[in-house]
Structures are given as C-alpha cells and as structure tokens.
Amino acid sequence: MTSLSPLLKQATPVVVDHALGSWIYGTDGNEYLDFTTGIGVASTGHCHPRVVAAAQEQCGKIIHAQNTTVMHQPLLELTEKLGEKLPTGLDSVFYANSGAEAVEASLRLARMATGRPNIVTFQGGFHGRTVAAASLTSAGTRFSAGFAPLMAGVHMAPFPYAYRYGWDVETAVEFALQELDYLLATRTAPNDTAAFIIEPALGDGGYLPTPPRFLEGLRERANEHGILLIIDEVQAGVGRTGKFWGHQHSAATPDILITAKGIASGFPISAIAASTELMSKGWPGSQGGTYGGNAVSAAAGVATLAVVEDESLVENSRLRGEQLQAGLKDLATRFPAIGDVRGLGLMQGIEFSTADRTPDAVTAAALQQETTAHGLLTLTCGPHGNVVRLIPALVATSEEITLGLERFEAALSAVSERSLSRT
C-alpha cells in the first residue's frame with residue numbers, strides 16, 4: 001500500500017472534513033479553532049465565500065493559461081490590485097508558485113542587476129527549502145543539513161534577538177548593526193554585495209518582529225553602498241502584522257518585495273515586485289515557469305485583496321493582535337515557563353525557557369499537542385523548537401480570540417500540572 005513519505009510529520013492528528021472561517025471540522029466529529037491557518041496562508045479564513053466563488057467561476061473559464069504563451073485577465077487584474085498596495089516605485093511584478101521560488105527569483109534579479117555575487121542574510125531567517133533559499137535559511141539546521149554543498153556567496157549576520165541576548169531592543173539593534181558593518185569590512189566587501197535579505201518578522205525563526213530601527217539601518221547601508229534591500233514578506237505580508245506589509249512598521253522601503261502565503265487565501269501563488277528599471281536589469285529568459293501566475297490562483301488573489309479591503313482585515317488584524325498579545329502577556333505573569341511574548345498583529349510567538357533562559361522545547365512541544373486536545377490548533381517554531389506560534393485568520397473575531405486564549409490557558413494549566421507532578 002502506498003503512503004505519504006515518512007519524512008512528513010503532521011503537527012496534529014486532525015484529518016479535515018471541512019473548514020469555514022476560523023474553524024476546522026475534523027472527520028472525528030470535533031471542531032477546532034484554527035490558530036495555524038495553514039502557516040498563515042488562509043488569510044481571509046477558510047473557504048471565504050467570495051474567494052470560493054471567484055475560484056469556481058474561473059474554473060469554468062480557463063484553469064491553466066501559461067502566461068508567457070497566452071495572457072489571462074485574472075493576472076492582469078491581480079497585478080493592478082496588488083499595485084495599489086505595493087510601496088511607491090515598485091511597479092513591476094513577476095509571479096511564481098511558492099515563496100521559495102519567489103526568493104530564488106529575487107536573488108537571481110539582485111545578482112544580475114548589480115553584477116555582484118554575495119548575499120547577506122540574518123540569523124534565524126527562513127526563506128525556503130530549495131537549494132538557494134535553504135542556503136539563506138538559519139531558522140534550524142533541518143532546513144539545510146544533509147545536501148551540501150549549498151549555494152556559495154551567502155554571508156550571515158546577527159539578528160537583533162533581544163530576548164536571546166538578555167538585552168533591551170536598542171542594545172540588540174546597535175550590536176547587530178555593528179556586526180553587519182564588521183561583516184562588510186571583513187567577509188563581503190560592499191562592492192561584492194548584491195543584497196541584504198530579511199523578513200520584517202522572523203517566521204520559522206521564532207516569530208520575532210524585526211525592530212524598525214534595524215530595518216532602517218539596513219536601508220541606510222544599502223543606500224550608501226549600492227546594495228539592494230530584499231524584504232521577504234511571504235509570511236508577514238497581506239495584513240498579517242496589522243499593517244498591509246510587515247516592513248511598514250518602519251520607515252524602510254524595499255528594492256525588491258517578496259509576497260506569497262496570504263495573498264490568495266490558500267491558492268498557490270507568489271510574486272516579487274521591483275521597479276521597472278530594476279526588473280529590466282534581469283537577463284532575458286531569466287524569469288519564467290509553467291505554473292506561475294495560475295489563472296485560478298490569480299482570481300482567488302483578486303478576491304482576497306477585495307475581501308481584505310472591504311472587510312477592513314488589516315485593521316482587524318491590528319486590533320485582534322493587540323487583544324491576543326495582552327491576553328498572552330497576562331498568562332506570562334502567571335506561568336513562569338513563558339519567557340517571552342512578542343509579535344505584531346495576528347502573528348504572535350510565546351517563547352518557553354527555564355529560569356536561566358535555556359530554551360525549553362519540551363514544554364513548548366507538550367503544549368502544542370495539548371492545545372489540540374482542547375480544540376485549539378497551534379504550531380511550534382524557532383531554532384530550538386521552544387516557541388509556540390499563534391496565527392489566527394485575519395477574520396478572527398474578538399469572541400474567537402477570547403475563546404482561543406481560554407483554550408490556550410487550559411492547555412497550559414494541564415501541561416504545568418503534569419510538569420509539577422513529575423518534580
């Protein structure tokens with residue numbers, strides 16, 4: 001009997017029958033409040049009626065129209081609607097299927113446009129599992145181990161992870177910027193450096209918001225040295241952080257922006273955006289792909305952007321994120337295993353550690369399993385696996401956030417009681 005690869009490890013035992021909004025209904029007859037949303041993909045919730053209708057209608061017209069052979073209307077409309085949200089000057093878009101593909105397209109463009117070989121990435125970043133994207137990734141060794149050699153020309157600088165260092169954010173930012181300057185002086189000369197690439201909030205690396213001053217420091221150095229700033233908005237974009245783009249919490253702007261995940265509510269599509277001038281510096285034939293910009297995915301993307309706008313989901317993400325973080329910080333005052341609570345909008349991380357800040361992956365893993373038993377789906381992340389991440393849909397209501405916090409607390413209490421009983 002054929003089965004799925006044994007390397008695929010399911011985070012929960014749930015088998016889905018159907019889903020709607022913030023809820024997944026299992027074949028076991030149970031209802032689960034979904035605070036994973038397919039790792040931030042189901043931005044408008046599961047099966048939003050307008051997204052479903054757009055996809056169904058498009059399926060009756062054309063499913064696959066390879067866009068370098070024949071153009072299709074949904075892609076043109078998506079480009080127009082996405083352009084209304086892109087930072088000023090980013091007026092050219094290339095579409096792919098996944099975040100990793102978009103990351104690789106951004107690297108190719110940066111190297112071609114600058115004629116420089118090197119890329120600077122930051123500790124804890126996650127940019128994908130394909131060879132080039134994995135070469136940039138340090139959210140955990142599992143993403144890059146076992147298939148060396150990786151892509152050459154990658155240099156890694158510290159991320160301002162204040163909790164890990166035991167510093168305040170300002171001290172961590174100053175340290176990280178100084179270390180970046182040292183890297184440029186010792187390992188990759190500025191005129192050999194094509195780009196910096198960074199997430200506005202680390203995803204798999206631990207749900208750490210990138211401090212605004214750090215992003216702004218990268219922008220200043222990029223301007224000074226003719227280096228491109230690539231901002232990977234795959235997980236943080238499309239309202240996830242309470243701004244449409246995660247980098248908008250700072251004054252920094254990207255030269256290349258990467259988007260995927262929440263842009264089409266679950267349909268596979270990704271994109272990079274840059275200025276026409278920059279995009280034109282790519283070599284002929286360097287962009288393409290059979291499935292990129294699929295017509296059904298593009299139609300779902302158009303509907304998703306309309307729902308995000310019409311239902312004020314960016315503002316809802318901000319408000320519900322504040323509610324969620326306040327509740328989590330209250331729990332942190334009562335459960336000493338919680339070392340840190342951080343996040344932006346509906347992208348919240350809870351780091352578990354011992355009294356001396358040693359990562360406590362055992363408690364995080366136990367809690368992630370226990371929340372499922374209490375009808376709440378969660379995930380872990382971070383290089384040590386000691387961060388529980390909460391990723392509700394942007395349509396989550398105040399009542400659902402309250403319920404999620406209640407179930408999270410109940411699971412946390414159960415795990416804490418078991419831990420105490422063993423001591």
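Me: How far apart do the C-alpha centres of domain 1 and domain 2 lie?
Reply: They lie 26 Å apart. The bounds come from an automatic or database domain assignment. This is a predicted model, where local features need pLDDT of at least 70, side-chain atom pairs count only at pLDDT 80 or more, and totals for chains, interfaces and linings use all residues. Residues are numbered from 1 along each chain as its sequence is written, and side-chain values use heavy atoms, with hydrogens and water left out.

Me: Which residues belong to which domain?
Reply: Domain 1 is 16-47 + 313-421. Domain 2 is 50-311.

Me: How many residues does each domain put into the contact?
Reply: Domain 1 gives 35 residues and domain 2 gives 36 residues. Contact means heavy atoms within 4.5 Å.

Me: And how much area do the two domains bury between them?
Reply: About 2,900 Å², with 60% of it on carbon and sulfur atoms. Buried area is the accessible area (1.4 Å probe) that two parts lose on being put together, summed over both.

Me: How many salt bridges are counted between domain 1 and domain 2?
Reply: The count is one. A salt bridge is a side-chain nitrogen of Lys or Arg within 4 Å of a carboxyl oxygen of Asp or Glu.

Me: How many in the whole structure?
Reply: A search finds 14 salt bridges. One of them joins Asp-310 and Arg-50, at 2.9 Å from N to O. Asp-310 is in helix α10 (residues 295-310) and Arg-50 is in helix α2, so the pair ties together parts that are 260 residues apart in sequence. Helices (H or I, at least four residues) and strands (E, at least two) are DSSP runs, numbered from the N terminus.

Me: What does Lys-85 pair with?
Reply: Glu-309, in a salt bridge of 2.6 Å, N to O. Lys-85 sits in the loop between α3 (73-83) and β4 (92-96), and Glu-309 is in helix α10, so this pair links parts 224 residues apart in sequence.

Me: Next one: Glu-370, buried or exposed?
Reply: Glu-370 is buried, at 14% relative accessible area. Buried means under 20%, exposed over 50%, partly exposed in between (1.4 Å probe, protein chains only). Glu-370 forms a salt bridge with Arg-418, with the closest N and O atoms 3.1 Å apart. Arg-418 is partly exposed, at 36% relative accessibility.

Me: Switching topic. Which peptide bond is cis, with omega near 5°?
Reply: The one from Ala-148 to Pro-149. Pro-149 lies in the loop between α5 and β6. Most peptide bonds are trans.

Me: What is phi of Cys-47 near?
Reply: It is near 55°, a positive value in a residue other than glycine. Cys-47 is in the loop between α1 (37-40) and α2 (49-59). Cys-47 is partly exposed, at 46% relative accessible area.

Me: And Val-238, what is its phi near?
Reply: Near 60°, also a positive value. Val-238 is in the loop between β8 (228-232) and β9 (256-259). At 2% relative accessibility, Val-238 counts as buried.

Me: Last thing. Which residues make the nonpolar surface patch of about 220 Å²?
Reply: Val-131, Phe-147 and Leu-150. Patches are made of residues with over 30% relative accessible area and no salt bridge: like charges are joined within 9 Å, nonpolar side chains (Val, Leu, Ile, Met, Phe, Trp, Tyr) within 5 Å. Accessible areas come from the Shrake-Rupley method with a 1.4 Å probe; for residues, only the protein chains shown count as cover. Phe-147 is partly exposed, at 32% relative accessible area.
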